[in-house]
Amino acid sequence: MDRGVPREEVAKIFSVSLPSIKRWLKLRRETGALEPRKGVAGPPAHKGAALAAWLPEQLQSNPDLTLEEHCQAFEEERAIEVSTATMSRAIKGLPGQWPLKKSLP
C-alpha cells in the first residue's frame, strides 16, 4: 500500500477482508478521502403510518380477530397488503397493551 505493506498484511492487522481493503483503496483513489458515501434512501414507508392510524380503532372494535384476519381487514379497507409479521410489529409498537392472537383456538 502507501508504505509498501502488502494488502494481505494490512487486512490481517485490521481484521478485515481483502475485498474491504480493495474497496477502501478504490474509494480513496476516486474521492481522495475515506469518508463514507451518503446512503441512498428508499421510498418513504407508507404502511407503517397507515397501520398506526388504523389499528387502535380496529383492535378495540375487533379484539378477537387473528393477525391474519386483521391483515385481511386492513387490505379490504385500505387496499394495502401487509404480512402477519408487519401487523404483529405494528401492534407491538402501539402504546398500551393490545391482544395479539396469532391463530384460531
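## Packing of H3 against H5

Helices H3 and H5 pack with their axes 10 Å apart, at an angle of about 80 degrees. Because angles of 65 to 115 degrees count as roughly perpendicular, H3 and H5 are assigned to that class. The model described here is predicted.

On the H3 side, the residues that take part are Leu 51, Trp 54, Leu 55 and Leu 59, and they meet Thr 86, Met 87, Ala 90 and Ile 91 in H5. By class, this contact of H3 with H5 comprises seven nonpolar residues, one polar residue and no charged residues.

## The two faces of H5

Helix H5 spans residues 84-92. Its buried residues are Met 87, Ser 88, Ala 90 and Ile 91. Viewed down the axis of H5, these buried residues fall within an arc of 165 degrees, so they line one face of the helix. The buried residues of H5 pack against H4 as well as H3, the latter formed by residues 47-61.

The face of H5 turned away from the buried side carries Arg 89 and Lys 92, both of which are exposed.

## Leu 51 in H3

Leu 51 is located in helix H3. Its relative accessible area is 1%; since buried means under 20%, Leu 51 is classed as buried.

Apart from neighbours within four places in sequence, Leu 51 is in contact with Pro 56, Phe 74, Val 82, Thr 86, Met 87 and Ala 90. Among these, Thr 86, Met 87 and Ala 90 also belong to the H5 side of the contact with H3.

## Packing of H1 against H2

A further helix pair is formed by H1 (residues 7-14) and H2 (residues 18-31), whose axes come within 9 Å and cross at roughly 110 degrees. H1 and H2 are therefore roughly perpendicular to each other.

Arg 7, Glu 8, Val 10 and Ala 11 represent H1 in this contact, meeting Leu 18, Ile 21, Lys 22 and Leu 25 of H2. The residues of the contact divide into five nonpolar, no polar and three charged.

Glu 8, one of the contact residues of H1, has a relative accessible area of 52% and is therefore exposed. The C-alpha atoms of Glu 8 and His 70 are separated by 54 Å, and the two residues are 62 apart along the chain.

## A salt bridge within H2

The count of salt bridges comes to one. The side chains of Glu 30 and Lys 26 form this salt bridge, with an N to O distance of 3.8 Å. Both residues lie in helix H2, four residues apart, which is about one turn of the helix. An α-helix has 3.6 residues a turn, so residues three or four places apart point the same way.

Both partners are classed as partly exposed: Glu 30 has a relative accessibility of 49%, and Lys 26 has a relative accessibility of 41%.

## Positive phi in two loops

Most residues other than glycine have a negative phi. Ser 15 has a positive value, with phi near 55 degrees. Ser 15 is placed in the loop between H1 and H2, and at 66% relative accessibility it counts as exposed.

Ala 79 likewise has a positive phi, near 60 degrees, in a residue other than glycine. Ala 79 is found in the loop between H4, formed by residues 67-78, and H5. With a relative accessible area of 69%, Ala 79 is exposed.

Definitions and conventions:
Residues numbered from 1 in each chain as written. Predicted model: local features only at pLDDT ≥ 70, side-chain atom pairs only at ≥ 80, totals over all residues. Heavy atoms only, no water. Axes fitted to C-alpha atoms, helices over the stretch in contact; angles between N-to-C directions. Parallel < 35°, antiparallel > 145°, perpendicular 65-115°, else oblique. Contact = heavy atoms within 4.5 Å. Nonpolar A, V, L, I, M, F, W, Y, C, P; charged D, E, K, R; others polar. Salt bridge = Lys/Arg side-chain N within 4 Å of Asp/Glu carboxyl O. Buried < 20%, exposed > 50% of the residue type's maximum accessible area, 1.4 Å probe, protein only. Arc of directions from axis to C-beta.
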